[in-house]
Amino acid sequence: MMYSFSDATRFIQSADHVLITGHLHPDGDAIGSTLAAAWICKSLGKSVTLANDSRVPDRYLFLPNVDQIQPAEEIGRRFQYVLALDCADEARIGKVRHLFSEGVQICNVDHHATNDLYGAVNVVVPHASSTVEILMDWMAELGLPLDQTIATFLYTGLLTDTGGFRYSNTSPKVLMQAAKLVGTGIESHHLADRLLETVSFRELQLLQVALSTLTLSSNRKVAWMVLTQDDFKGLNATSDDIGEIVNYARNIEGVDVGVLFREESDHFKVSLRSRGLVDVGEVAKCFGGGGHARAAGCSMDAKTIEVVEQQVLHAIYERLGGLPV
Ligand SMILES: [Mn+2]
């Protein structure tokens with residue numbers, strides 16, 4: 001895929017004001033890249049509005065300037081120029097699309113292989129670990145210096161999208177970028193504690209319920225868990241509390257794919273994690289979702305959660321060479 005930072009720079013320069021957003025239910029990369037992109041736009045002399053479809057999860061509220069990311073419904077104007085970050089398709093922008101004016105122009109900066117190039121300008125780099133990795137390259141090309149605040153934003157995305165520098169996307173380049181960021185004097189251990197280690201009590205209670213549903217396929221290659229609406233209501237929990245529960249299923253010795261099925265009010269959500277045999281990005285794509293080879297997800301409409309389980313597990317088994325005996 002071809003991309004050019006100068007196209008993105010020209011895009012920002014041609015705008016008087018830029019609406020910046022990451023994907024709905026934002027993660028560390030969506031939030032870190034939203035805040036970092038604001039900093040880049042301001043360095044180019046532009047004013048910005050930061051928005052997201054969903055509330056910023058508590059875990060990220062300690063980040064500087066994070067209160068500038070407003071819920072879409074609280075913004076009473078429309079925008080001609082949009083910088084969309086970490087969104088594989090336009091639907092991932094969620095309700096922030098309601099703020100687009102007619103003839104809106106989008107600059108799409110992302111690292112998902114499933115990105116459908118919905119922007120007028122597309123900076124899509126599938127081999128990048130994270131969207132912040134791309135933004136850091138863009139900053140280098142612009143000759144913008146690093147300070148501790150921008151380094152905190154960039155490090156947040158790098159750390160969370162690589163699972164604390166453990167996933168296969170932890171390239172030598174990622175570690176060199178991280179070294180530069182830590183070199184500004186940010187307290188990386190403090191960020192790791194806040195972003196990766198700290199869990200709310202509710203999150204652990206939800207994990208407790210999820211683990212009680214843990215099931216292993218007869219060929220021991222697939223493990224899954226289920227959370228119902230009642231589970232969330234019973235604990236007064238929200239989707240913010242799910243964290244990376246799905247990893248517990250995938251982490252079982254010998255398992256290739258871990259799945260978390262969860263019931264929402266009018267549809268079902270499926271999170272998929274793989275050790276590499278199965279490209280779960282492709283599995284998610286079959287059901288209208290997306291993501292990466294080792295981490296993906298989709299939303300599904302069905303009568304019951306059992307139907308969703310059957311369809312998704314079937315798609316996984318097909319890729320593992322057939323149904324388990
Ligand atoms: Mn990302």
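Tyrosine 155 has a relative accessibility of 6% and therefore counts as buried (buried is under 20% relative accessible area, exposed over 50%, partly exposed in between, with a 1.4 Å probe and protein chains only). The structure is a predicted model, in which local features need pLDDT of at least 70 and side-chain atom pairs count only at pLDDT 80 or more, while totals for chains, interfaces and linings use all residues. Residues are numbered from 1 along each chain as its sequence is written, and side-chain values use heavy atoms, with hydrogens and water left out.

**Aromatic pairs**

Rings of Phe, Tyr and Trp (its six-membered ring) pair if their centres lie within 6.5 Å; planes under 30 degrees apart count as stacked, over 60 as edge-to-face and the rest as tilted. The count by this rule is 4 aromatic pairs. One of them joins tyrosine 3 and phenylalanine 5, with ring centres 5.5 Å apart and planes at 70°, so this pair is edge-to-face. Another is formed by tyrosine 155 and phenylalanine 165; because the planes stand at 65°, with centres 5.8 Å apart, this pair is edge-to-face. Tyrosine 155 belongs to helix α4 (residues 148-161) and phenylalanine 165 to the loop between α4 and α5 (172-182), so the pair ties together parts 10 residues apart in sequence. Helices (H or I, at least four residues) and strands (E, at least two) are DSSP runs, numbered from the N terminus. Ring pairs also link Tyr3, Phe5 and Trp138 into a cluster.

The accessibility of residues from these pairs is as follows.

| Residue | Relative accessibility | Class |
|---|---|---|
| Tyrosine 3 | 31% | partly exposed |
| Phenylalanine 5 | 8% | buried |
| Phenylalanine 165 | 22% | partly exposed |

**Sheet**

An open sheet is formed by 6 strands in the order β3-β2-β1-β4-β5-β6, with parallel pairing. Two strands pair if DSSP finds at least two bridges between them. At the edges are β3 (69-71) and β6 (121-124), each of which pairs on one side only. Strand β2 (residues 47-52) runs parallel to β3 and is joined to it by 3 bridges. Leucine 50 stands opposite isoleucine 69 in β3.

**Surface patch**

Leu211, Leu214 and Tyr248 make up a nonpolar surface patch with about 260 Å² of accessible area together. Patches consist of residues with over 30% relative accessible area and no salt bridge; like charges are joined within 9 Å, and nonpolar side chains (Val, Leu, Ile, Met, Phe, Trp, Tyr) within 5 Å. A salt bridge is a side-chain nitrogen of Lys or Arg within 4 Å of a carboxyl oxygen of Asp or Glu. Accessible areas come from the Shrake-Rupley method with a 1.4 Å probe; for residues, only the protein chains shown count as cover. Leucine 211 is in helix α7 (residues 201-211), and at a relative accessible area of 35% leucine 211 is partly exposed.
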